[in-house]
Amino acid sequence: MHYFDYAATTPLHNEAAEVYVAIAQQYFGNTTSLHDEGGMAQNILTQCRQRLGELLDVHPAGLYFTSGGTESNSLALLSLAYSARSKGNHIIITAAEHPSIHSAAAYLNERGFRITTVSFTPEGMIDLEELEAAITEDTIVVSVQHCNPEIGTIQPIRAVFDLVKQRDILVHSDCVQSFGKLHIRQITPYVDSLSVSSHKLYGPKGVGAVYINPRIRAVPLFPGVVQERGFRGGTVNVPAIAAFIRAAELAEVANEYETYQSLRTLLLEKLQSKKQHFTIYGTDKFQLPHIIGFCVNGSEGQLLMLELNRRGFAVSTGSACQVGQQQSSTTMTAMKISPTVAKGLVRISFGHTSTVENTMLLADALLDIAQTLHTRNEKAVIQ
C-alpha cells in the first residue's frame with residue numbers, strides 16, 4: 001500500500017519508539033507520587049515541558065500535556081471563554097475549524113455564550129473583512145486554525161492578531177497540522193493559546209499539548225484534579241510525552257518543506273495533462289506543500305478514495321475526524337462550495353514514504369480514473 005494520508009496520522013518514528021520504551025521501563029513512576037521513582041518521572045516531565053517551550057518559543061509555565069489535539073482545542077476554548085467572561089460573551093470561530101472547536105463552541109453556546117462563524121474566501125483563506133465586521137464590544141475570543149487539514153491553506157494569524165490586539169480579545173490557534181511542518185514560533189507571539197498533537201509528526205497517539213499564556217487564568221473544566229497543575233485529570237503519560245518531544249525535535253531538524261514542494265509540483269504538473277477533469281483547492285502562495293485537496297470533477301470523493309484504495313493507494317476524503325459523516329466538509333462549507341460539489345473532495349498528503357516514483361504512480365492512477373469517469377459520464381449523457 002502506498003500511503004498518502006499523513007495529514008490524518010503518521011507512523012511512530014523509530015527514535016521516538018526507543019524513547020517511549022526506555023522511559024516506560026526505567027522511569028515508570030507516577031509523577032504525583034512522593035517517593036524517588038515518582039520524583040524521577042516528574043523530572044522527566046519537567047524537562048519535556050521545558051524542551052517543548054523552547055521548540056514553541058513560549059514559557060513552559062503555560063504548557064499542559066493532554067491526550068491530543070482534540071482535548072487541547074476543547075480545553076483552550078473553554079478556558080479562554082471562562083477566563084474572560086466578565087468582559088463579554090461573544091466568541092468568533094471560522095467555519096472551517098476542527099470539529100473539536102465546533103463542539104466546544106456548541107457547549108459554550110448552551111451556557112450563555114454567543115458564537116459567530118466566519119467564512120473562507122474561495123482560495124480557502126479566512127475572510128478578514130468578515131472577521132472585522134463580526135467583532136463587537138462583547139467579543140472576547142477569536143479562534144483561527146493555523147493550517148487547514150483538508151486543503152493545507154496557511155492562515156494569516158498575525159493579521160488576525162492585528163485586528164483584535166487593541167480590543168483585548170484573546171486569540172486561539174489550532175496548530176495541530178502546522179507543528180512539525182512550519183516553525184510556528186513565528187506566530188506564538190500573536191496567540192494567547194495554541195494546540196499541538198504528537199501523532200501528526202511521527203510521535204505516539206494519545207498525547208498532545210495546549211499552551212495558554214501564563215498571564216491568563218487557566219480555568220479547568222473539572223475542578224479538584226491534581227495532575228498538570230490542576231488543569232486536567234488523569235495519570236500523566238510520561239513515556240508518550242517524552243516520545244512526543246523526541247519526535248518534535250526530529251521534525252524540527254528534518255526540514256522537509258522543499259521535498260514535499262517538489263513532490264507537489266510533480267503531481268500537479270502531471271495532472272495538468274487532463275486539467276479539465278480536476279479542481280485543485282487553495283492557493284500555492286499560502287499552503288502547506290504536503291497537503292493537496294482536490295476534486296475529480298463529476299465524482300464523489302468516497303468513490304474515488306475506494307477506487308484508489310483498490311489500486312493500492314491510501315488517501316482521504318478530508319479531515320480524518322469527519323470521515324463517515326454525511327454533511328459536507330467544514331472547509332468546503334466555509335468556502336461556500338455547494339454540498340454536491342463538496343462531496344467530491346479528496347485529500348492527498350505526503351510523508352516519509354512519499355517518493356518521486358510512488359507519487360508518479362499515484363498521478364497515473366488519478367488520470368486513469370478521471371478519464372474513465374469522464375468517458376462513463378459522457379456515455380450516460382448520450383443515452
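Visitor: By the rule for disulfides, what does the count come to in this model?

Guide: The model is a predicted one, and the count of disulfides comes to zero. A disulfide is a covalent bond between the sulfur atoms of two cysteines.

Visitor: What makes cysteine 175 and cysteine 295 buried or exposed?

Guide: The term buried applies under 20% relative accessible area. Cysteine 175 has 0% relative accessibility and therefore counts as buried. Cysteine 295 has a relative accessible area of 4%, so this residue is buried as well.

Visitor: What secondary structure does the protein chain have, and what share of its contacts joins residues 24 or more positions apart?

Guide: The protein chain has twelve helices and twelve strands. Among contacts with a separation of 6 or more, 75% are between residues 24 or more positions apart.

Visitor: What is known of the surface and the charges of the protein chain?

Guide: The accessible surface comes to about 17,000 Å², and carbon and sulfur atoms hold 52% of that area. There are 30 positive and 35 negative charges, and their mean positions are 3 Å apart.

Visitor: Why is phenylalanine 113 called buried, and where does this residue lie?

Guide: Phenylalanine 113 has 2% relative accessibility; since the limit for a buried residue is under 20%, the term applies. The residue lies in the loop between α4 (99-109) and β4 (114-118). Leaving out residues up to four places away in sequence, phenylalanine 113 touches Ala81, Tyr82, Arg85, Asn89, Ile91, Leu108 and Ile140. Threonine 139 is 26 residues from phenylalanine 113 in sequence, and their C-alpha atoms are 10.0 Å apart.

Visitor: What makes the phi angles of glutamate 228 and asparagine 255 worth a remark?

Guide: Glutamate 228 has a positive phi of about 45 degrees although it is not a glycine. Asparagine 255, likewise a residue other than glycine, has a positive phi near 50 degrees.

Visitor: Where do glutamate 228 and asparagine 255 lie, and is each buried or exposed?

Guide: Glutamate 228 is in the loop between β8 (208-212) and α7 (238-254). With 6% relative accessibility, glutamate 228 falls under 20% and so counts as buried. Asparagine 255 is placed in the loop between α7 and α8 (257-271). Its relative accessible area is 61%, and as exposed means over 50%, asparagine 255 is exposed.

Visitor: Why is proline 156 called partly exposed?

Guide: Its relative accessible area is 28%. Buried would require a value under 20% and exposed a value over 50%, so proline 156 belongs in between. Proline 156 is found in the loop between β5 (139-143) and α6 (157-164).

Definitions and conventions: Residues numbered from 1 in each chain as written. Predicted model: local features only at pLDDT ≥ 70, side-chain atom pairs only at ≥ 80, totals over all residues. Heavy atoms only, no water. Helix = DSSP H or I, 4+ residues; strand = E, 2+ residues; numbered from the N terminus. Contact = heavy atoms within 4.5 Å. Areas by Shrake-Rupley, 256 points an atom, 1.4 Å probe, with all protein chains shown as cover. Lys, Arg positive; Asp, Glu negative; His and termini not counted. Charge placed at Lys NZ, Arg CZ, Asp CG, Glu CD. Disulfide = S-S within 2.5 Å. Buried < 20%, exposed > 50% of the residue type's maximum accessible area, 1.4 Å probe, protein only.
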